[in-house]
Amino acid sequence: MKDDVTREDRIGALGGMGCERKRVEDARFTQGQGNYLDDVKLPGMLFGDFVRSPYAHARIKSINTDAAMAIDGVIAVLTAEDLAPLNLHWMPTLAGDKQMVLADGKVLFQGQEVAFVVAEDRYIAADAVELVEVDYEEMPVITDPYEALTSDVVLREDLDPKADGAHGPRDHHNHIFKWEVGDETATNQVMDDAEVVAEETMYYHRTHPCPLETCGSVASMDKVNGKLTLWGTFQAPHVVRTVASLLSGIEEHNIRVIAPDIGGGFGNKVGVYPGYVCSIVASIVTGKPVKWVEDRMENLMSTAFARDYWMKGKISATKDGKITGLHCHVTADHGAFDACADPSKYPAGFMNICTGSYDIPTAYLGVDGVYTNKAPGGVSYRCSFRVTEAVYFIERMIEVLAIELDMDPAELRMKNFISKEQFPYQAPLGWEYDSGDYHTAWEKALETVDYKGLRAEQAQRIEDFKAGKTRKLMGIGLTFFTEIVGAGPVKNCDILGMGMFDSCEIRIHPTGSAIARLGTISQGQGHATTFAQILATEIGLPSDSITIEEGDTDTAPYGLGTYGSRSTPVAGAATALAGRKIRAKAQMIAAYLLEVHDDDVEFDVDRFVVKGAPEKFKTMKEIAYAAYNQAIPGVEPGLEAVSYYDPPNMTYPFGAYVCVMDIDVDTGVPEIRRFYALDDCGTRINPMIIEGQVHGGLTEALAVALGQEIAYDKLGNVKTGTLMDFFLPTAWEVPNYETDYTVTPSPHHPIGAKGVGESPHVGGVPCFSNAVHDAFKAFGLRQSHMPHDHWRIWKTANDLGLHD
Amino acid sequence: MIPAAFEYYRPKDMEGVLAILEEHGDDARVMAGGHSLIPMMKLRMAEVPHLIDLQDVEGLSGITVADTIRIGAMTTQNALINDAALEAAAPILKEAALQIADPQVRYMGTLGGNVANGDPGNDMPGLMQCLDATFHLVGPEGERDVSARDFYEAAYMTDREDEEVLTAVSFPAPQGGFAYEKQKRKIGDYATAAAAVQIVKDGGTCTGAQIAMTNLSDTPIYSEEASEALVGTSVDDAAIKAAIDAMLGDIDPTEDNRGPIAFKKHVAGVILRRAIERAWSRA
Ligand SMILES: Cc1cc2nc3c(=O)[nH]c(=O)nc-3n(C[C@H](O)[C@H](O)[C@H](O)COP(=O)(O)OP(=O)(O)OC[C@H]3O[C@@H](n4cnc5c(N)ncnc54)[C@H](O)[C@@H]3O)c2cc1C
């Protein structure tokens, strides 16, 4: 057979790993042809809407639904009393606690679900909500976790104050858990003996992922065949199916969960919410499909906050800047119910990655979880479990230590990095970092931005400021982060008992195209594009001929879903390994067709060739056809494979970020002049998608650092419940980002990829924040809490006497 | 975020509008661009059983530029930005309108709605006070004119009667240099503080000044004293300081998510200084 195409051409034609393949999803999305939850419209569908509590803490004395029920078109108004016989008035949370589905005797946060109205029309439902009369008796409100731990007010009257919680003993009736990692005695000893110790307290404020599409579900119970179909905004559809089965008693094979297109998740869509449960119950009761979709205000006030960590740190070092120990204590405000989305054994997620990118021999972390009158949640907003908090903590502590040592913070980092030779590196708080080359990345970053030049410019600026020549200060924000993603090894990571593996199933069609289904679910990450690229390289069929499908539990193999940058590390690995199974069988078929022994053929881009005789080959397309039309002795017909992947370890992407900011001291307005982001996510599957993910993550980092928050007043009222006050940046607020990379593959991942979607957020937040701090450093600032919005920056300047 | 039920009307002329207003009293409201009213209805903070859409009513939009400039109530903020004659005669309107919301809102939002709304966050009321505009109203009793400087009573409370409709605003073509300076948290946000300034310069001396502030009280604030502090001076540092002090005596900001009172006052001073300096440099 004649073949005048070069090997490079053949590689190019595959559109495999490493190429900037355009996102196949975009044609649909940019033309308004996506299919989101709210696009699900079924005949006879009913609509649900919640009556929510205006109070943060109150006893419910009575609920009168008569007036609401009297409206034409109102089918039902469900309260806790109606759910109790089904034992569905409470539900288990992902963190081992339980949460009210509908208020059972009292409410514990503003916006809490009190009653669920079901009506024939969305507008009627909203009108009926207004007519449900709830008689509340207000109770004392606690919004401060420190106050909660000393207050006589019992928030969770349903819990036995003396009984252990899901994570061990509780010290107080408003205490949830204490989690400790590392050796506190040894750490204290190191602190006592240290030449230099820096201490600081920082508040990582409560915020919210705020995806463009809010949460919602459509439940449809078919009473004839006993099957429940549930469409929803789910980042983990298979887990939802299992939970729905356990809660409802409907056998799992009779439940089909479908996550359609998802308009952003960022952690908001990992949890299970009362709305999902109510739509299911309402459908079971009425026998009709029931839709529930929250509005923007409901989304911000009731589903899934993130952060809310008070972090106290101590870091010790020698006089010349070698770090010797780290002590961290967190008071974690979990709100009214512990509904954190973390692997079961990690009540503070992977906060124990807080030693960061540094070789710190001794460390200790203690976390106290606390109940308050705020919304439940504690999701990982564009980060792996609590990693943003951990990285913020260490990257601020490094800056504070640099001040204490009077040392350049870039140099201090360089001096303490884990070195390339130390990998795999055993961190003091329990993780084994897979690979890294921090020094090289840091040097590249500092050189690219001309760090020395920037510092000289800054020194001049300070002189000019002092001389009255300018009212703008210049801040240089530095961050070096190490993420921990790809949860995770089944031996230590599970959610509600389900090991955190993931999966891929591939079917090759006779004409040489394919469909692959995964246990994950894209929410904008571009899985349909990148997973096809992985497969193209692994099985030698063009990515354009491979369909990727996710989100339907009736067709996709079981998986734990998409969050914590786990899709590529876990499902991506499953994809590569399933591809290799296909290839192994293809090898046998090729050998048969070429009439040689299996070992005498080898894979080459898109074909198997006879070793030493490359002109003798069978393309994967030919092999696929043969799999279906030839009787091959000892080989089953067909070409399919499935792989379930239990990762041996997490992956540890890292990066070096630099932000240059000018701050108007008089108005508190910051202006980002430059942002440089170097990411090392191991093997790069699609550089264009990586860049897009970095831009998105940095933008959400900018939001969080510079203004985005869920703030409460003393009565527990949400002050930032609309997009007027909740900062969601637009193109206008966003600077130009410079992206860069190094490549340090993961040694244990089949294709060396580490995951990237969340790195920019994790690294971005401290980088923006450090830039603000750095601008005022010369005038004595050590710590000011985020978000750095105009008035808080102004207040920093004011407190430092810069307006006098 | 779903409004209560309402009747929707779309009359073709002012008689039709007034008839509905008279019939339903304060249960009826006119709607211009809807970009303040509809959000309030969705939040159920405004209940409007009878909603009268003004968009088909003849003669309510358009810009006439002469010694007196007249702008129809239904003229969109986008139209203010793109009218060459208006830009030449009163460039401060474009400068201010460009700082309102975002293009989508400006395609719908109208000058009339912005000034009639009575929200202290709206930018046009302060600007109209700076320009000494007159608001033209029509009601069952006929037509009536009110000065912008007398129109605002408290948040969402104006001199307009429930059955009256604003038809147009007019103001003398402004003289001298101008500036509209606004600090906000992000695109689409109302002002943390904003200042509208017009200054006339003769030789090196200021012969006329008009200063109004936005979102620093429950109404827009025309600061007569601040304006006067500049007149007769060379707008030097002392004069600017005096104007700022006078302005600070007139405003009465409240704390909200944009920040505490001390911050707002400080920023008001900074913003006014910048507006005066820019207006003076253009005078
Ligand atoms: C996201 C967003 C950001 C915004 N940011 C800003 C901003 O920065 N600055 C700013 O100034 N505005 C801002 N706005 C408001 C916007 O400019 C509105 O369009 C404007 O305030 C009202 O104009 P409208 O034509 O939409 O009026 P409508 O919303 O239709 O009406 C507003 C009120 O005025 C009354 N009304 C309207 N026309 C008349 C009339 N002819 N006679 C009598 N009464 C009348 C109505 O009954 C209603 O009470 C923003 C709006 C949004 C949605």
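**Reading a two-chain model with a ligand**

Mentor: Let's start inside chain A: the C-alpha centres of domain 1 and domain 3 of chain A lie 38 Å apart. Domain bounds here come from an automatic or database domain assignment. This is a predicted model, where local features need pLDDT of at least 70, side-chain atom pairs count only at pLDDT 80 or more, and totals for chains, interfaces and linings use all residues. Residues are numbered from 1 along each chain as its sequence is written, while chains are lettered from A and ligands numbered from 1 in the order in which they are written.

Trainee: Which residue ranges make up the domains of chain A?

Mentor: Domain 1 is 7–34 + 502–645, domain 2 is 37–139 + 214–262 + 270–302, and domain 3 is 305–486 + 650–799. Between domain 1 and domain 3 of chain A, the contact takes 22 residues from each. Two residues are in contact if their C-beta atoms, placed from the backbone, lie within 7 Å.

Trainee: Which element gives the most to the domain 1 side of that contact?

Mentor: Helix H16 of chain A, with 7 residues. Helices (H or I, at least four residues) and strands (E, at least two) are DSSP runs, numbered from the N terminus.

Trainee: What share of the residues of chain A count as buried?

Mentor: A residue is buried if 20 or more other C-beta atoms lie within 10 Å of its own, exposed if 12 or fewer, and partly exposed in between, with C-beta atoms placed from the backbone. In chain A, 57% of the 804 residues are buried. For a local case, take helix H11 of chain A: 16 of its 19 residues are buried, so H11 is largely enclosed by the rest of the structure.

Trainee: What should the end-to-end span of H11 of chain A be?

Mentor: The expected span of a helix is 1.5 Å times one less than its number of residues. H11 (residues 387–405) of chain A should span 27 Å, and its end C-alpha atoms are 27 Å apart, which agrees. Just after H11, A:Asp406 takes a positive phi of about 55°.

Trainee: Over to the ligand. How many residues surround the ligand?

Mentor: A residue is near a molecule if its C-beta atom, placed from the backbone, lies within 6 Å of it. Here 30 residues surround the ligand, and the closest are B:Ala32, B:Gly33, B:His35, B:Gly109 and B:Gly113. Helix H7 of chain B gives the most to this shell, with 5 residues. Domain 1 (7–52) and domain 2 (63–172) of chain B both give residues to the shell, so the ligand lies between them.

Trainee: And where do the two chains meet?

Mentor: That contact takes 17 residues from chain B and 26 residues from chain A. On the chain B side, helix H12 (residues 261–282) gives the most, with 4 residues.

Trainee: Is B:Glu153 buried, partly exposed or exposed?

Mentor: B:Glu153 is partly exposed, with 13 other C-beta atoms within 10 Å. B:Glu153 lies in strand E8 (residues 152–154) of chain B. Not counting residues up to four places away in sequence, B:Glu153 touches B:Thr158, B:Asp159 and B:Thr219.
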